[in-house]
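Please walk me through this structure, chain by chain and contact by contact, in enough detail that I can follow along in a viewer.

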Amino acid sequence: MSQQTLKVMQSRDLKRTTSKQNIGHTLGTVGIYAFLLFMALVVLFPFYWMVISSLKSLAEYRMSKPTFWPQTLLLSNYRDAFTTANLGRLFLNTAYVGIVSTLLSLFITIITAFAFARLDFKGKDLLFAALLGTMMIPGELFTITNYITVNSFGWTHTFTALIVPFLVSVFYIYLLRQNFLQIPNELYLAAKVDGTSDWKYLWKVMVPLALPTLISITILKMMGAWNSYIWPRLVANDDMHRLVTNGLRNAFKDTSGEVNYPVQMAAVALVSAPLFMVFIFLRKYIMAGVSRSGIKG
Amino acid sequence: MKIVLQHLTKIFPSRNKKSDEEVVAVSDFDFEIPDGKLIGLLGPSGCGKSTTLYMISGLQKPSSGKIFFGDDDVTELSTENRGIGLVFQNYALYPHMTVKQNILFPLQNLKGEDKMTKEQMLQRAYEAAKLVQIEQLLDRKPSELSGGQQQRVAIARALVKMPRVLLLDEPLSNLDARLRLQTREEIRRIQKETGITTVFVTHDQEEAMSISDMIVVMKAGVVQQIGQPQDVYDDPANLFVAKFLGTPPINVFDGHVKGGKLYVGEDAVLEIGGVADQEVAVGIRPEGFVLDDNGPLVCKPVNVEVMGRDVSVVSTHPASVNPLVRSIINADNRFDLGNESVRYTIKPHKIFIFSKDNEERLRFEVK
Amino acid sequence: MKKLVSILLVLVLALALTPAMAEGPAYDGSEVTITFYNTMGTNLTPVLEKYIASFQELYPNIKVNYTSVGSYDDVRDQIATEITVNGQPNIAYCYPDHVALYNLFKAVRTLDDFIDSTAEVTRADGTTEIMGLTAEQKADFIEGYYNEGLQFGDGKMYTMPFSKSTEVLYYNKTFFDENGLQVPTTWDEMDEVARKIIEIDPDSTPIGYDSESNWFITMTEQLKSDYTVAEDPYFLFNNETNRDFVKRFREWYQDGLLITYKLNGGYTSGRFVADSKKIYMTIGSSAGASHQTPAAKDGVAPFEVGITTIPQADPSNPRVISQGPSVCIFKKANAQEEAASWLFVKYLTTSVEFQAEFSIASGYVPVIKSVIDNPIYAEHLANAGGYGEHTTALSAKICLEQVDAYYTSPAFNGSSTARDQVGELLAKCFSIPDSEDVDAKILEYFEAAVKECVYSR
Amino acid sequence: MVESKQQWKAWLYLSPAIALLLVFTVWPIVNTVRMALLEDYSIAAASGGDRVFSLGIGNFVKVAQYQNFLTCLKNTALLCVATVPISTLLALLVAVALNSIKPLRKTLQTIFFLPYVTNSIAIGMVFAAMFNIVGSVGTRRPNIVTLGIINNVIEFFGGHYVNWINTGSSYWANMIVLIIYIVWNALPFKILILLGGLQSINKQYYEAAKVDSTPRWRVLWRITVPLLSPMIAYVVITGFIGGFKEYTSIVGIFGESLGPAHAPGRLNTMVGFIYEALEQYHQGRASAAALILFAIILVVTLINLQVSKKRVHY
């Protein structure tokens with residue numbers, strides 16, 4: 001550092017700098033909060049809309065000028081939602097499919113991502129590129145072929161048909177692979193020295209370290225079970241296996257056969273509530289993250 | 001457990017796909033590490049010392065050559081089965097596990113007859129922790145530890161399964177100066193206590209010299225010299241080794257041998273025999289200078305650094321390869337900076353000459 | 001003995017003649033399970049369940065399952081997929097366009113041989129019925145609805161009407177009465193009334209029309225101009241008559257007399273029942289009467305709803321669209337399933353009680369005339385009025401008054417595209433601004449629409 | 001790197017995924033190619049029995065001949081190019097901001113999770129309520145019932161209302177609304193991913209930056225973004241793939257007519273075309289269009305991967 005700069009730094013009025021710094025910091029913080037609150041509002045609006053819609057009467061819902069606060073709070077929508085649709089059964093079915101498919105899917109995603117992130121084998125890059133390639137074809141095109149396949153396996157009207165075809169998600173494999181790649185190589189080497197097999201290293205080290213990502217995947221996968229519509233309707237639209245969205249779409253109709261959205265929204269809010277609780281609970285795991293300071297440098 | 005390296009060679013394929021150039025990381029390393037010794041692998045970064053260590057650990061497979069632990073050929077044995085301990089440069093502690101879990105981890109992986117009960121494991125883990133004096137930290141996460149503490153945890157983890165061989169990869173590089181001093185003593189102590197054959201890699205010659213039973217100096221994949229630290233220091237095989245060992249470093253001058261005399265620049269410093277007339281590089285250890293008003297080597301003083309017991313005189317010399325010449329003299333010698341010049345005689349065993357062609361040592365007789 | 005011989009002879013003859021008469025298989029009492037896809041919500045399924053139960057009292061060996069499959073389009077997509085593995089249901093709600101699609105798969109069972117069958121089947125209670133329709137039953141169907149099953153180009157019967165609706169004109173009766181306005185019966189009268197309304201209430205848009213597609217197709221029927229035919233060249237709607245009426249109604253839109261669903265950006269019913277920016281006349285489905293009825297405020301309805309038939313081009317040749325689900329029966333390897341399905345369809349479509357109850361619950365109208373004499377239904381209709389829940393009955397009543405006016409248009413591969421296209425076309429032409437060459441633009445849009453239809457085939 | 005000769009081990013790990021993919025992804029793709037190459041293929045006609053389809057590229061020709069084919073391509077590309085950077089940037093800013101605050105942090109995090117439990121129908125409905133003008137605009141005698149919230153806000157600040165999505169609206173107004181909608185839809189997922197990624201960045205880097213008195217924005221660009229680059233690469237690449245498959249959002253705003261009433265089909269995309277073809281049971285045509293789309297996405301993704309290889313720091 002030249003003499004000149006040293007002098008400049010020394011001659012700074014630290015007191016003034018402190019107050020300036022405080023102002024700058026406060027402004028920055030205010031800016032950050034303003035931005036976050038605005039974005040929160042933007043993101044929250046549909047949720048708000050879902051809730052208030054669930055409290056409107058059908059007539060109010062159909063009004064030309066949308067109301068931002070229901071003219072009359074119609075709690076009876078919730079009662080109707082609960083009594084008309086067989087919500088308990090729908091919920092259990094969905095929870096079963098959601099949980100089983102999430103667990104299996106996590107397992108497959110983990111071992112596949114591990115192979116791509118950590119193991120060396122011939123044609124790895126090519127295979128990975130091919131995998132990415134499969135994401136690029138619109139899935140709607142697969143529906144009929146897969147339907148025929150599932151049918152030939154005799155899986156129609158089973159939970160299997162709802163779970164198995166969607167166990168592999170290239171989307172999630174790719175996500176987890178990215179995460180695995182960020183785990184320092186030394187940990188793997190250390191585990192080797194410590195006499196660990198690849199398998200054990202995967203479950204004892206990589207999986208705990210990738211927990212935030214795995215929880216993100218869990219959330220997305222669970223929500224998938226909650227929102228899926230076309231495929232479940234096709235393969236298992238019977239009372240024993242029907243999932244929430246299908247059940248709700250069918251249940252609430254007005255006389256002319258149109259969907260009674262307010263009641264449907266109430267039902268959606270009802271079945272989403274437990275899911276929301278689970279997410280709130282998982283949130284801290286995503287946010288906690290795992291500090292990487294076991295690794296220096 | 002002695003470790004034998006036979007013609008160990010490691011060649012990495014070129015990273016650049018377009019060129020076929022290969023990188024020879026380690027070339028024909030032949031060495032027997034005696035049982036129970038502490039060996040320092042020394043060299044600048046990229047010299048192949050870490051690669052050698054990794055080959056001993058099994059994390060990298062040699063391109064050719066063999067490795068023996070005792071009489072067993074372990075070349076093809078995978079890391080998990082070699083029974084070694086390795087301390088990584090950045091410690092590689094599992095960030096999601098507590099100190100205790102980290103230390104227990106290798107024990108939990110033992111198989112067959114080595115398998116231990118939970119109590120045994122805890123006992124062993126506690127002993128290992130005690131050995132490195134971290135027994136009060138067992139329930140912390142690595143992120144809650146200081147660098148030195150993390151380092152000890154890493155050593156404890158490496159030691160806990162009583163490895164046949166302990167390998168340390170730049171174990172001190174992430175520590176501050178005081179801790180480094182303290183820790184290297186600790187490593188020495190632990191090694192002596194356990195008697196485990198230990199190989200450690202460092203680029204810091206002082207570190208290597210201070211605790212090793214033997215050092216191996218490497219450059220660009222080729223072993224330059226092997227020996228006890230003092231022997232290597234006193235009798236370097238080539239200019240590289242001479243330059244690499246010693247603080248302050250050796251002073252190198254352009255010189256020549258002519259008619260039985262060794263010239264440093266134009267100053268004839270020594271009468272020698274056994275070397276033909278030729279241009280040479282002359283290395284003089286800083287402690288090889290003796291103040292002498294009639295000495296043959298004439299330098300221009302620049303600065304005097306008082307180091308307590310010793311005094312370091314910084315001067316210039318027209319033939320010096322580096323800008324400054326540094327000598328260390330006893331503090332009893334009063335030296336006045338006001339002088340135009342400073343004159344030295346040289347201790348003959350502190351002066352080395354090297355061929356200009358290949359930088360190999362040229363041995364001479366003092367006449 | 002002689003008697004016996006002659007009976008035997010008749011029987012043998014009858015048996016020998018059966019194939020020649022192409023009678024459908026008779027149900028022989030064997031155990032079968034049939035499935036019925038529909039779109040019924042939970043307001044309707046109890047009615048269906050009740051009549052499934054009573055049907056099964058007659059035929060205990062026929063097990064009827066039903067599945068509620070989302071919307072009409074969902075039913076179509078579901079079945080079209082299932083057909084590929086022969087997994088289609090036995091019976092399904094259908095619109096003519098859907099049947100046209102199933103016909104590509106050759107999957108729909110034609111009903112003529114069942115309808116004409118005179119084979120007797122015995123019910124559990126010991127009574128008998130013939131497989132087919134009796135002459136009375138046949139005659140009881142509202143003709144326009146019944147003929148919908150015949151519009152697939154080959155004169156064969158593919159569907160049975162199940163539950164129907166049409167378009168009606170809802171008007172603000174209070175407003176009309178207060179201002180002494182005449183309810184229009186023709187488009188010319190509507191033009192006149194609308195211009196009067198806009199002078200009375202300049203803030204209003206007098207006319208609303210919910211379905212652009214229906215309007216276009218109905219106009220071609222009323223004007224007897226070409227729309228589509230079930231054979232090459234299929235799409236005939238680009239003609240001068242059609243372009244002319246589109247141009248005329250464009251004027252209405254530009255003058256602020258008219259709004260449609262697409263152009264309005266929302267349900268026209270929302271404005272019909274609103275307090276400001278009102279619509280005074282709106283044409284929509286007869287099944288949607290509840291949406292066209294304003295909610296009472298403090299126990300007082302803001303206005304009385306009037307319902308009447310839609311305006312006509314030629315009052316002597318009234319034409320209104322026939323909407324609402326029909327049912328079709330799918331081919332199955334087991335002929336007994338087909339026979340049982342037919343029996344069930346026949347049961348639902350000819351049962352006065354079912355038709356009455358279902359119509360009251362759904363707001364649709366029954367497909368057989370005799371329902372009107374059913375005491376429950378008669379009571380329902382007697383309740384017809386312009387306020388609150390009574391409007392549903394009123395609209396049903398209006399529907400039933402125009403049973404002769406129903407038309408259906410041909411269904412074929414591409415007919416659903418044509419329907420979508422003409423709807424879009426109408427809105428597109430209406431919104432051509434005055435600054436452009438209106439005639440040229442209309443022609444251009446018509447041509448593009450035909451091109452799109454041809455491409456879709 | 002450990003050089004493992006145990007290739008079979010890798011394949012063992014991969015086997016469940018590969019087996020399932022072969023059945024439920026690869027086979028349908030093969031079938032797609034087959035259908036695309038059979039002239040005028042339709043599942044309906046095929047299962048009807050007697051039709052035999054000859055091999056050929058007629059389906060591709062037919063796709064290219066579609067009068068609005070170029071419109072579909074243009075819309076698809078435009079939406080992709082516009083929405084991916086915007087949504088990624090916004091998500092990044094939100095994630096970073098969320099990571100940098102203390103009070104309200106938990107509450108805000110929870111709020112950013114709510115979209116996951118919001119039904120998709122609700123999201124569509126909100127948009128209609130926000131941008132939709134009810135009534136007639138642009139006629140001789142306009143009669144507006146409501147301008148929608150956004151326009152109300154614009155007028156509140158003294159601006160002139162914009163016809164966003166209704167009859168007479170301009171293409172660019174439509175596009176802006178679509179972009180906002182798509183970005184909005186994509187945000188929660190991206191925030192989640194990036195927030196997760198941020199957790200794995202060592203706090204020391206930030207401390208170091210603070211010591212060096214690095215301004216916030218430079219910390220963002222020089223430290224956060226590079227360290228987060230694997231996750232950013234992920235959201236960008238998957239964002240592009242998703243963007244090319246955009247369709248449902250257009251239906252969500254404009255309905256099945258895929259455009260304002262005066263210009264239906266104006267906002268159609270490649271996948272919209274595929275949907276239409278499927279609906280009309282032209283599986284051959286739909287397959288051909290899907291393969292064309294596939295080729296386009298493949299090229300873009302390869303470019304993306306190439307770029308990210310240079311830019312991504314693991």
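## Contacts, domains and sheets

Where chain D meets chain C, the contact takes 29 residues from chain D and 29 residues from chain C, two residues being in contact if their C-beta atoms, placed from the backbone, lie within 7 Å. On the side of chain D that touches chain C, the elements that give two or more residues are α2 (43–48), β1 (134–136) and β2 (143–146) of chain D, and α2(D) gives the most, with 5 residues. Helices (H or I, at least four residues) and strands (E, at least two) are DSSP runs, numbered from the N terminus. By residue type, this side of chain D divides into 10 nonpolar, 17 polar and 2 charged, where Ala, Val, Leu, Ile, Met, Phe, Trp, Tyr, Cys and Pro count as nonpolar, Asp, Glu, Lys and Arg as charged, and the others, Gly among them, as polar.

The model is a predicted one, in which local features need pLDDT of at least 70 and side-chain atom pairs count only at pLDDT 80 or more, while totals for chains, interfaces and linings use all residues. Residues are numbered from 1 along each chain as its sequence is written, and chains are lettered from A and ligands numbered from 1 in the order in which they are written.

Chain D also touches chain A, and that contact takes 77 residues from chain D and 72 residues from chain A. Helix α1 (residues 7–37) of chain D gives the most to the side of chain D that touches chain A, with 18 residues. The residues of that side divide into 55 nonpolar, 19 polar and 3 charged.

Taken by itself, chain D has 14 helices and 2 strands, and its C-alpha atoms fill a box of roughly 75 × 75 × 30 Å along the principal axes. Of the 314 residues in chain D, 49% are buried; a residue is buried if 20 or more other C-beta atoms lie within 10 Å of its own, exposed if 12 or fewer, and partly exposed in between, with C-beta atoms placed from the backbone. Among the contacts in chain D with a separation of 6 or more, 69% are between residues 24 or more positions apart.

Chain C is divided into domain 1 (17–164 + 324–381) and domain 2 (167–321 + 394–456), with bounds that come from an automatic or database domain assignment. The centres of the two domains of chain C, taken over C-alpha atoms, are separated by 32 Å. Their contact takes 20 residues from domain 1 of chain C and 21 residues from domain 2 of chain C. On the domain 1 side, α4 (96–104), α7 (143–146) and α15 (352–362) of chain C each supply at least two residues, and α4(C) gives the most, with 5 residues. That side of domain 1 of chain C divides into 11 nonpolar, 7 polar and 2 charged residues.

Strand β8 (residues 167–172) of chain C is mostly covered, with 6 of its 6 residues buried. β8(C) is joined by 5 bridges to strand β11 (residues 281–285) of chain C, the two running antiparallel, and Glu167(C) stands opposite Ser285(C) in β11(C). A further 4 bridges join β8(C) to strand β12 (residues 305–308) of chain C, again antiparallel, and there the bridge partner of Tyr170(C) is Ile307(C). Two strands pair if DSSP finds at least two bridges between them.

In chain B, 6 strands form an open sheet in the order β6-β7-β8-β3-β9-β10, with mixed pairing. Its edge strands are β6 (84–87) and β10 (222–227) of chain B, each pairing on one side only. Strand β3 (residues 38–42) of chain B is joined by 4 bridges to strand β9 (residues 214–219) of chain B, running parallel, and Gly40(B) has Ile215(B) as its bridge partner in β9(B).

Another open sheet of chain B has 7 strands in the order β21-β20-β14-β11-β12-β13-β22, with antiparallel pairing. The edge strands here are β21 (361–362) and β22 (365–366) of chain B.
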